[in-house]
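Dear colleague,

Please find the structure below, handed over for your records. My findings follow it.

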Amino acid sequence: MDARTTSALLYLDAVSVSFDGFKALNDLSLTVQPGEMRAIIGPNGAGKTTMMDVITGKTRPDKGDVYFDGAHDLTALDETQIAELGIGRKFQKPTVFEMHTVENNLRLALKADRTARATLAWREADAEQARISEILAVIRLGAVRKRVAGSLSHGQKQWLEIGMLLAQDPKLLLVDEPVAGMTDVETHQTAELLREIAQEKTVVVVEHDMAFVRELGVKVTCLHEGSVLAEGTIDQVSQNDRVVEVYLGR
Amino acid sequence: MTSSPLIRALDRSAVTFILVLVAIGVLVPLLNLLLPSSSFWHVPTYLVALWGKYVCYAILALSIDLIWGYCGILSLGHGAFFALGGYAMGMYLMRQIGTRGVYADPIRPDFMVFLNWPELPVYWYGFQHFAYAALMVLLVPGVLAFVFGWFAFRSRVTGVYLSIITQALTYALMLGFFRNNFGFGGNNGLTDFKDILGFNVQAQPTRAALFAISVAVLILGFLICRTIVSSKLGMVLVSIRDAESRTRFLGYRVENYKLFVFTLSACMAGVAGALYVPQVGIINPSEFAPGNSIEAVIWVAVGGRGTLIGAVLGAAVVNYGKTTFTSGVLAPYWLFVLGSLFVLVTLLLPRGIVGTVRHYWAVWHERRDAANARAAEAAPKPAE
């Protein structure tokens, strides 16, 4: 594989995945440029989560190419290697380590040597503590830093998971339904948070909440039956007849 | 904030626990050796041997708690590693018998002479040296666990499937060791030991020393486990237990972590078995029986998994119950008791003894702090 084949940070070309005959992804092609924030919308079963699974190595595509940073073939790597390349993922259902404190959740996510030997020899360091405090300030969880994550509210867990993404310091953040189950105020704050993050990172957000997507104010891709139905600004996409028909409803 | 891993490992309950163990390890042998048997405080030798057995079980329980309580690996075949360590020690003890055996062969143990084996099999070489046998006590269970874990964890075999395979592993070994031509004494196993490092294994001082050594090893094992679980590695283990794929997506090589603790745990179990054999005087294939491994898991569940102290306590309590029960008229019902104990603990006391105590202790502290805070708020109101 020669150096770079594309300028895109994330490049999916003609990716297909099927489960027992059901085509979850059908010739999906998508590119995300470095520094971009992209919102992905689409009805249930459109393939949004499967797309995330393919990018993070959880699911192998039947065919098609997936390249990260132009040079890394993601279809040949596993979850750990992909995470090491700098792709972080927030799951649809908030998954934090419930038995650990908020602080320790972030500590585990912090960019550091991930070998067993290094974690055994680990000692608390001021720099690490400072970075954790910094992230806690961004995700507004400073007051609950010592609490176990399992005792947090749903919205707080979502933020903690976004904080863990930040701690990993990835190049690309995949954020699956960050505002599901949040109040309007929390949704608004989350949009603010993501916009802040997107100033430095490339972000792909999957979301159902159209008000939230509108608030993000970024390029939108609508998926349907495993491929791209429409792409453009939120206004363009939401006026597209097919999108209205299959997703938004009349 | 910076603290060395060992200091971090020694919180208040750990220190207290170690002090209690030290007291037991020192007092029991002294009360056995120094006091006349007429004294009220005298500990009879049979009790020293019995308690020594419990201590070995406690080390096994500790090794299970490390992988099950902290990393979620439920091994139902840990007795295999215990028995392998025991056999390695048994082989050393057999080679020490020499010409004092029934057939008085200087090299071959009795069962080989009986089976008309012309010479010692190659894998029995070297076991006349204690150092070599001690190395094998660690190496044989360790290598087996490493190879087993390498395949199992890389193929992402988890949960109940892994438990079943570990059962099959110990069962297969049991069938193998039962065979005479396997070369480990078959059915009868290895027994009739005479000396360990030149001391008579039956002698009272040797038994007292073996007890003290077992307690020392238990303390060492506890320290190793505490150091691991209180480090960042311990945090990763708990993360793997609670959300394995999340841990993977964070970039941790889950299989390497599992392999590390699994292998370490198998070595610990092996040492426990090696200390067990000279104290009970026999090792035979029934030690590989799947039931033994399951029983060891029950000790941990009863004591409280993920607490380490609970594992030790559970092993002691359940085995004390077993001894009491099986020596009376109720002996035939012991398995029913054990089974119902497991069911009851799972239903009513899912945290185990130590886990439950710690839980209510924390709840009580929280309430008290909350009450104090309220009182502090109410107090400073000035009088009119």
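The contact between the chains takes 24 residues from chain A and 22 residues from chain B, two residues being in contact if their C-beta atoms, placed from the backbone, lie within 7 Å. On the chain B side, α9 (232-242), α10 (244-249) and α11 (254-280) each supply at least two residues, and α9(B) gives the largest share, seven residues. Helices (H or I, at least four residues) and strands (E, at least two) are DSSP runs, numbered from the N terminus.

This is a predicted model, in which local features need pLDDT of at least 70 and side-chain atom pairs pLDDT 80 or more, while totals for chains, interfaces and linings use all residues. Residues are numbered from 1 along each chain as its sequence is written, and chains are lettered from A and ligands numbered from 1 in the order in which they are written.

In chain A, strand β6 (residues 87-90) points Ile87(A) and Arg89(A) one way and Gly88(A) and Lys90(A) the other, all of them buried (20 or more other C-beta atoms within 10 Å of the residue's own). β6(A) runs parallel to strand β7 (residues 172-176) of chain A, joined by four bridges; DSSP must find at least two bridges for strands to pair. Arg89(A) has Leu174(A) as its bridge partner in β7(A).

With kind regards

Technical notes:
A residue is buried if 20 or more other C-beta atoms lie within 10 Å of its own, exposed if 12 or fewer, and partly exposed in between; C-beta atoms are placed from the backbone.
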